[in-house]
Protein chains: 2
Amino acid sequence: ESIKRQESTDPLDPYSGEPSRHPALQINSLKPFNAEPPASVLADNYITPSAIFFKRNHLPVPKVDPETYRLEIEGLPGGVVSVTLSELKSRFPKHTITATLQCAGNRRSEMNKVKQVKGLNWGIAAISNATWSGASLREVLLHYGFTPEVAINAKHIQFEGLDKDVTGTAYGASINLNKALSEEGDVLLAYEMNGEDLPPDHGYPVRVVVPGVVGARNVKWLGRIVVSHEESKSHWQQNDYKGFSPGTDWDTVDFKSAPAIQELPIQSAITHPAEGSSVERGDEEVTIKGYAWSGGGREVVRVDVSVDGGNTWHVAKLHSSDLGRNPAPGRAWAWKLWEIDVPLPDGAQELEIVCKAVDNSYNTQPDTVGPIWNLRGVLSNAWHRVKVKVKDDQK
Amino acid sequence: ESIKRQESTDPLDPYSGEPSRHPALQINSLKPFNAEPPASVLADNYITPSAIFFKRNHLPVPKVDPETYRLEIEGLPGGVVSVTLSELKSRFPKHTITATLQCAGNRRSEMNKVKQVKGLNWGIAAISNATWSGASLREVLLHYGFTPEVAINAKHIQFEGLDKDVTGTAYGASINLNKALSEEGDVLLAYEMNGEDLPPDHGYPVRVVVPGVVGARNVKWLGRIVVSHEESKSHWQQNDYKGFSPGTDWDTVDFKSAPAIQELPIQSAITHPAEGSSVERGDEEVTIKGYAWSGGGREVVRVDVSVDGGNTWHVAKLHSSDLGRNPAPGRAWAWKLWEIDVPLPDGAQELEIVCKAVDNSYNTQPDTVGPIWNLRGVLSNAWHRVKVKVKDDQK
Ligand SMILES: [Mo]
Ligand SMILES: [Mo]
């Protein structure tokens, strides 16, 4: 039914040209389109297939003609530069990274259970992992005239999408200049996702991939880059995507008092078993699976799992790519999937399964949601908890 | 009495030549000398006076003659280099940074209350803040022949102290090469602390200051630097200063399974009021003070304070240096002190004061100690909790 509703052909509807989507996606909002894969399949693949990679659109998907597409770059000494898609592909080496993107609102639904927040009611799957290929933003900026002198004043790189609201205002965001300029930053002007052209929902023909940084700064349908002394003036940079104390409400909030979210904190969640499911006592153990990831290129080094609500802990087995290579320090952009078989505690009728991850800065997740609750429901990274029943065997 | 005991003159005692220390220090171990300032004075100064800066020695303090001192550098293409103190001071520009150092065992006493751990029973003051001046390690390595080709194999920089145990084994540690080589890493071969020669307890004549990284890698009495493909083989790098799951005990621990601690996680603690003290109900509010810091150059952006055990939260006022300048992104090496006046809740007989900090990656502290407990008692960064009584006024 929701598929049908997407295929509106009303020419006055700015959403009439939206692409078709995979039927398994769980839709949080149709216009703009926001959806996540079922949690149960999220950890089936180390690389998330593009069709079920979570979709987080703020505005209608723009239709972009690759022939007339231009990426404008402003704020460099030589003035405005206009780059075609084929120039971007031919003038610069193609780099490929594997990077996990996560929406700032991932796991917001757990905050909603504490107290209502403002935002899409994401489950645990507003996070996915893909390979991204494209030009290095650093190399593009250096090619078009960036010099160390520019950095004396410029501190930010602003991005503007080709997606626009009814007033013509485009989606926008910015990142720190040093992230964009660092060789170890690995920021890409990506034109491929998982080895193919970017799908329309993921920014065709070009998006910026800022690994280790919140999804909201990974601007899709990238139209403009501005090297600037200030952050993006967009709503999403200034008055959204910031964290606050649990005591801050809509009457008292001062958006200027908090920094725009860039690097995300340590995160993990249980994808199997599902909340409310059951395990057989005769199986003697329960297999638990999930994902773990941290922002800023910090590598996940351990995932602790409990089946008794956090009283006793077991260490899960981690796996990353098939290649088995260790990422360079500070460049662990991709998640780890994890798995563990835990013995069923004698006589337990119910298990409270809990996971928490640790990254190589030894940051860890907070125990409970309440004390990190915030009015926008972002940064929801408390221990993930799933309750399952232990069923006595049918004799 | 402890002062007297320090002044042993027994020539067979390797600790007979130890410097005299400030009488206010709270001693955790005399030989080797380990001591912290009283928590009540820790946050009185943004820059901790050197005399009360926490002391963490692993071995006797070596007596080093500045005239014959040599810093050896190995692993560069030109072979071993030997640098005098005056060469270090005259050949390289003097850089100054303000950086907080924290012992991995800071707040270990709170873990001991959960279950006994192995290590010195530090309170909340095994952390201090100073200005450090010296040569840039990056510039020294480049001067003596480091080239990008060296980095093809070399991944670590090892440090060896001039402090030795009875078998002649020196204290040692290592850091990642990219931290040492990055301009933004700010690693110093420091010969001054707070504007004066390093005191003997802090590494005279030269220590390495690795801002954002655990104290244990900030090797004092630095004698040797080795550019290497591997980490330091020292006990302290290989079999100590690593974090484990609460379920890991001395029978099951595999030190190879965990990374050596480098960047430390987000931390904060309450320095005023003291545990067990009282406030007057007639004062109507309680003034609470403390410190907050995070590893990896991540800036503390908020400290939340509760007087009801974490049910409701207030945002503290942060202050850093007198200059009021913001640190560059990723280079917030120094702590923030914080303060807040919180109204006394009606009728409360006792306050459970709690603090937790948030850094600019939006990492936050875990709620409780038990789930981060580990057999070495390191990385103790749960919410800090202090109980005080509310006294009814004497009429
Ligand atoms: Mo997002
Ligand atoms: Mo330490």
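Contact here means heavy atoms within 4.5 Å. With that in hand, here are the views. This is a predicted model, where local features need pLDDT of at least 70, side-chain atom pairs count only at pLDDT 80 or more, and totals for chains, interfaces and linings use all residues. Residues are numbered from 1 along each chain as its sequence is written, chains are lettered from A and ligands numbered from 1 in the order in which they are written, and side-chain values use heavy atoms, with hydrogens and water left out.

**View 1. Chain A as a whole.** Take the contacts in chain A between residues at least 6 apart in sequence: 71% of them join residues at least 24 apart. Chain A has eight helices and 22 strands (DSSP runs numbered from the N terminus: helices are H or I with at least four residues, strands are E with at least two). Buried residues account for 58% of its 395 residues (buried is under 20% relative accessible area, exposed is over 50%, and partly exposed is in between, using a 1.4 Å probe and protein chains only).

**View 2. The loop around Gly17(A).** Look for Gly17(A) in the loop between helix H1 (2-6) and strand E1 (26-29) of chain A. Gly17(A) counts as partly exposed because its relative accessibility is 34%. Pro60(A) sits 43 residues away along the chain, yet its C-alpha atom is 8.4 Å from that of Gly17(A).

**View 3. Lys336(B) and its surroundings.** Lys336(B) belongs to strand E20 (residues 336-343) of chain B. With a relative accessible area of 14%, Lys336(B) is buried. Its side chain reaches the backbone oxygen of Val300(B) at 3.0 Å. Leaving aside neighbours within four places in sequence, Lys336(B) is in contact with several residues, among them Tyr291(B), Glu299(B) and His319(B).

View 4. In chain A, the peptide bond from Lys31(A) to Pro32(A) is cis, with omega near 0°. Pro32(A) is in the loop between E1 and strand E2 (34-36). Over in chain B, Lys31(B) and Pro32(B) are also joined by a cis peptide bond, with omega about 0°.

View 5. Arg107(A) isn't a glycine, but its phi is positive, near 70°. You'll find Arg107(A) in the loop between strand E6 (95-102) and helix H4 (108-114), and at 0% relative accessibility it counts as buried. Asp186(A) has a positive phi too, near 55°. Asp186(A) lies in the loop between helix H7 (177-181) and strand E10 (188-193), and counts as buried at 18% relative accessibility.

Terms used: A polar contact is a pair of N or O atoms within 3.5 Å; within protein, one must be able to donate a hydrogen and the other to accept it, and residues adjacent in sequence count only if both atoms are side-chain atoms.
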